Amino acid sequence: MNAMSFRPLGGSVAAISNRLVFHNGCTVPQLGFGTYRMSADEAAAAVPFALSCGYRHFDCAKAYNNEAAVGAALSQAARSHNVRREELFITSKLWPTDQHPDHVETACRASLEALQLDYLDLYLVHWPVCMRHTKEWNSEEDKYPSDSDGRLAIDTSVTLLDTWRAMGELVQKGLVKSVGLANCTAAQIDALAEGANAAQLPHLPVLNQIELHPGLVDGVLTACHGTHQILTGAYCPLGMPTRFTPPDFQPLIEDETLKRLGELTGFSPARVLLNWNVDRNNVVIVKSTNKDHIKSNAKAARFALEDRSRVVLDGYRFASRNFRVMNPTHFTVDRSPFFAAEDARLQKDIDTRGAHKKAE
């Protein structure tokens, strides 16, 4: 049976309303609206408009410094559109400076207060690194604390499993419906799952949020997700430039391959990329403050692409370029790129594949 046989008879499925199931039985709208790098004023305008376009999944974090603005905008907009809390799915994230078990609940409650919520649908460990705790953020140094020698102040006495125990307690107390991870490698997930199972912890990760687009597909990591029944959450799905990309970086949506696929499919390059990602059964987080883009992105759908378009996108990293737009230097002691080892492995796989094709 070919892939065409699995397409729904009624046509493509809107990702904004399609819900995926976590292993704990909770469900999540497949397409989420991201609030990363939005100012308070931008969030105040973009969040209500996104809600009016049908978004019910909103992705937030303490680190974005805008949760109060998002909470106020979402609360008012939800009342205006008569949207019940149960229809919404709100995610927030635990920052490394709060990962010591003593600070996890306080950090969660602070996000709840800012977002004007009684509970979160999903709470993620933002990065698998514990830093020295800072009670308040008044500067970048508070967010990324350093020792006197300038090296990142990492608290090596706290393991990811230690943090995870405290995350599970949030579920037990009704503060959070589900707990998950972000930016974790396969090795970190395997180790956490082994430790959590050995300790008979009742709550295991439901999702790992990672950068994922045709220029960055880590088969080892996504296979690990499958092994542990973890959904893949995809951020930066459009491969847009960030503060970690060089000045001459070309966004995926401007790539000639994506432009040709846009002409072939009738979708914009952005829609092609979103359709491809949701078609892989991923939870996809897309962010924009442009109303036209917000409205267009909301139309992303499963099974909207023909097989030949999927084949081109699946092989893009081998045929064109393999890259990552989020590779911060804030989470390693020596300030090296966080994913340096993972990227070296991915590049080696691509080089090996290229050598095999030449040999053929």
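Guide: Gln116 sits in the loop between helix 3 (101-115) and strand 7 (120-125). Helices (DSSP runs of H or I, at least four residues) and strands (runs of E, at least two) are numbered from the N terminus. The model is predicted, so local features need pLDDT of at least 70 and side-chain atom pairs count only at pLDDT 80 or more, while totals for chains, interfaces and linings use all residues. Residues are numbered from 1 along each chain as its sequence is written, and side-chain values use heavy atoms, with hydrogens and water left out.

Gln116 has a positive phi, near 60°, and is not a glycine. Most residues other than glycine have a negative phi. With a relative accessible area of 48%, Gln116 is partly exposed. That label covers values between buried (under 20% relative accessible area) and exposed (over 50%), with a 1.4 Å probe and protein chains only.

Now try another loop. Gln200 lies between helix 6 (186-198) and strand 9. Its phi is also positive, about 55°. Gln200 is exposed, with a relative accessible area of 72%.

Go on to strand 9 itself, residues 207-211, where Asn208 lies. Is Asn208 buried or exposed? Asn208 counts as buried, because its relative accessibility is 0%. Its side chain reaches the backbone nitrogen of Ala182 at 3.4 Å. A polar atom of that Asn208 side chain also lies 3.0 Å from the backbone oxygen of Cys184. Leaving aside neighbours within four places in sequence, Asn208 is in contact (heavy atoms within 4.5 Å) with residues including Leu181, Ile189, Leu221, His225 and Thr232.

Compare another asparagine. Asn24 is in the loop between strand 2 (19-21) and strand 3 (27-29). At 37% relative accessibility, Asn24 counts as partly exposed. Not counting residues up to four places away in sequence, Asn24 touches Lys177, Ser178 and Val206. The side chains of Asn24 and Ser178 form a polar contact of 2.9 Å. A polar contact is a pair of N or O atoms within 3.5 Å; within protein, one must be able to donate a hydrogen and the other to accept it, and residues adjacent in sequence count only if both atoms are side-chain atoms.

Last, helix 9. 11 of the 11 residues of helix 9 are buried, so this helix is largely enclosed by the rest of the structure. Among the elements they pack against are strand 10 (231-235), helix 8 (256-265) and helix 11.

Look at that last partner. Helix 9 (residues 269-279) and helix 11 (residues 307-314) pack at about 90°, with axes 11 Å apart. Axes are lines fitted to C-alpha atoms, for helices over the stretch in contact, and angles run from 0 to 180 degrees between N-to-C directions. The two helices are therefore roughly perpendicular.

Which residues of helix 9 and helix 11 meet? Val272, Trp276 and Asp279 in helix 9 meet Arg310, Leu313 and Asp314 in helix 11. By class, this contact has 3 nonpolar, no polar and 3 charged residues. Just after helix 9, Asn281 takes a positive phi of about 70°.

Terms used
Parallel < 35°, antiparallel > 145°, perpendicular 65-115°, else oblique. Nonpolar A, V, L, I, M, F, W, Y, C, P; charged D, E, K, R; others polar.
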